[in-house]
Each structure stands twice: as C-alpha cells, then as structure tokens.
Amino acid sequence: MIGLGLIGGSVLRALAAAGHRVLGYDADPATRATARTAAAKAPPAARWQVTATVRDAVARADLAVVAVPLPAVAGVLDQLADAGFSGLVTDVTSVKGPVHQLVGQRLHRLHDRLAGFVGGHPMAGRETSGFAAADPELFADCSWVLCLEPGVTALSDWLELAVLVTGLGARVVPATPEEHDRAVAAVSHVPHLLAAALAATAATDPLAGTLAAGSFRDGTRVAATRPELVAAMCGGNAAAVGPALDAVLTELAGARTALAADDPIAALRTWLTPGCAARTAWPPAPGKPLELPARVETLIRLGRAGGWVTAVADDRRTVTGVRPAPVDPD
C-alpha cells in the first residue's frame, strides 16, 4: 500500500482485517509512525507492517495499490518501475484518464510491461483525511470503479481485483477511464466546487454563520476537504469538470430567471421539480442478480447501465451482476 491517507489507510486496514498480509509505505515519516503505532494496537490477526521505502513495501508483493494524490502518482510509478515490480498495480485516484496516461509513460516505459495495471476508484471519500481517519469499514456497500480499457486491460487482472474488492464488501462498477471521469465530474468533483463557493459566500455574513443549520451543513460538508486534494482532483479532471460545471451554471441561471418572474413561486416550483424527482429516486434500487459471462464487452455494458458486480465465480468465467431496478412510473 503506497500512501496511507484516508483511502490508502482504510484499504490497508480492511485488507489486514480480511486476513491478507499487507505492507504499507507513506512518504511522510510522521504518518508512517502513526501507522506503526496503530498496527501494534490492532488485533494480532489483523496487523500490518510499515516499511521505510516503496521498494521494501513491494519487494515480495503480488499487488501494489497506489493511494497518493494525482500530482504524486508519477513519482510512485517511477519507483515501482525502478524496483522492477512485476505484479499487479492498481490505484485509488479519483481521476482515471491522466493516471492511465502516466502508467503508459512511467510504469510501462520503454515497452516494459512486466507489471499489469487496473485503474480503480472507491467512491467512499470523506471530508476528513489522514491515517487517523482511516476506517476498515469504509468500503462496505460502496461503489468501487475498476476500469476496463478494451485492448489494454487484461481481463484476468480485472477479475482478480474484482474478487479482492468484493471481498471488502464493495460493489465493483466496470467503466472505461473516460466514462468514469465524465461521471465523477458531475457527481463528485463539481459538488466540491459548489460546496466551496457556498461556504465562502456565507462566510461573509456573521449572522448567516450563526443561523446556518442542516441545509448549510449538508450542502457544504465536502468544502472542509483539504484544498490541495480538491484542486488535484478537479484540476486533474479539468476536461470533464469544465462542461459539467457549465451544465450546473446553466441550471442555476434558470433559477435566477425564475426569481425574476412575475410569479417567482410558480416559476421556481417548475424549476425545482426535476431535481426533486431525481434526488427522490436516488439511490436506485437494485434489480435481481444475474449470472453474466465474464467478458470485457459484457462488463462495460453492465457499467454503462448503472450496474455493478457483486461476485466473481471461482473459475472466473462468470460474474454475478446487478442492474438498477426499473423505475415504477407511478
């Protein structure tokens, strides 16, 4: 485990609790010390080790998980390549397209494809960060994207990771890097920008700060995320975040127009109705489990339909997939 922040630390704790032998590394000596102390206090069967270098962490590993912010990914991939790591690599970065490009440039440089790669992203972030916030139960019932790039991703690698991830209680969502980045721009990255804007605007009025309650708390929760993490996330996905933000701004312009109408209450009711319906219908109810062939095209279609994988057959020929249940028009 390379990187022991909220997500990396939680993956480390979850894997250790599931009985896996796990070694972790973080570039920050203080974080390494905190992780070592926590390991000593963990139950004997759920402990982990903390190493002094990336090379030591992956020396005998079958899997390396890169859990660092996007600006640090290139350096970690260089270290993995320099160490001659030949196992499977995945990551938990919230942007996938740039990471896949870096893998080609750094990990697979000079046409050296000793290590396999499957991009990943557990949708389980919080506004808190650091190893102290790590939680082995963080991924229970969460959506965890595992990227499938036709002609690039080895299906066998993808299935091995799917087995590991579903073992942590997560739902595996297949997606291409491009489709992932477009989707998370709308449901994760832009909401961080909106929360920051709302929090900053309200902060100019002391009375507003005193009166702020549930709506403000819920709407601005992620504004408490460290700015450098949000900047790396949104800036690293700028090509998708820009259009997604434009779409929201267009919707907000509609609200502003409604406020200037002769009957703003009626106009706002019309404007608010689609959003209310969409939020009321979320999250989608699961449909019936289906046994599906473990093929790249089948898995990608499942993800595009909003579906997910809950189990992989022992022979790796089929998966158990679930699609959202049809919405009752009534």
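**A walk through the structure**

Let's begin with a pair of helices: α11, residues 238-259, and α12, residues 264-280, have axes that come within 8 Å and cross at roughly 160°. Bear in mind as you look around that this is a predicted model. Angles over 145 degrees count as roughly antiparallel, and α11 and α12 are therefore roughly antiparallel to each other. On the α11 side, the contact is made by E251, L252, G254, A255, A258 and L259. From α12 come P264, A267, L268 and W271. Sort the residues of this contact by class and you get eight nonpolar, one polar and one charged.

Next, have a look at the strands. Strands of a sheet pair through backbone hydrogen bonds, either parallel or antiparallel. Here, three strands make an open sheet in the order β3-β4-β5, and the pairing is parallel. At the edges sit β3 (63-66) and β5 (116-118), each of which pairs on one side only. Neighbouring strands of the sheet are turned against each other by 25° on average, direction ignored. If you zoom in on β3 and β4 (residues 88-91), you'll find four bridges joining them.

Now for the nonpolar cores. The largest one has 47 residues, and those with the most contacts inside it are W48, F139, W144, L146 and W158. Several elements supply at least two residues each: α1 (6-17), α2 (29-41), β7 (143-147), α6 (155-166), α13 (296-304) and β10 (308-312). The largest share, seven residues, comes from α1. Apart from this core lies another, of 22 residues, with Y25, V76, V103 and A115 among them.

To finish, pick out W158, one of the residues with the most contacts inside the largest core. Which residues is W158 in contact with, leaving aside its neighbours within four places in sequence? They are V118, L146, C147, L148, T153, V172, P174, L299 and V309. L146 is itself another of the residues with the most contacts inside that core.

Technical notes: Residues numbered from 1 in each chain as written. Predicted model: local features only at pLDDT ≥ 70, side-chain atom pairs only at ≥ 80, totals over all residues. Heavy atoms only, no water. Core = buried A, V, L, I, M, F, W, Y, C linked by side-chain atoms within 4.5 Å. Buried < 20%, exposed > 50% of the residue type's maximum accessible area, 1.4 Å probe, protein only. Contact = heavy atoms within 4.5 Å. Axes fitted to C-alpha atoms, helices over the stretch in contact; angles between N-to-C directions. Parallel < 35°, antiparallel > 145°, perpendicular 65-115°, else oblique. Nonpolar A, V, L, I, M, F, W, Y, C, P; charged D, E, K, R; others polar. Pairing = 2+ DSSP bridges.
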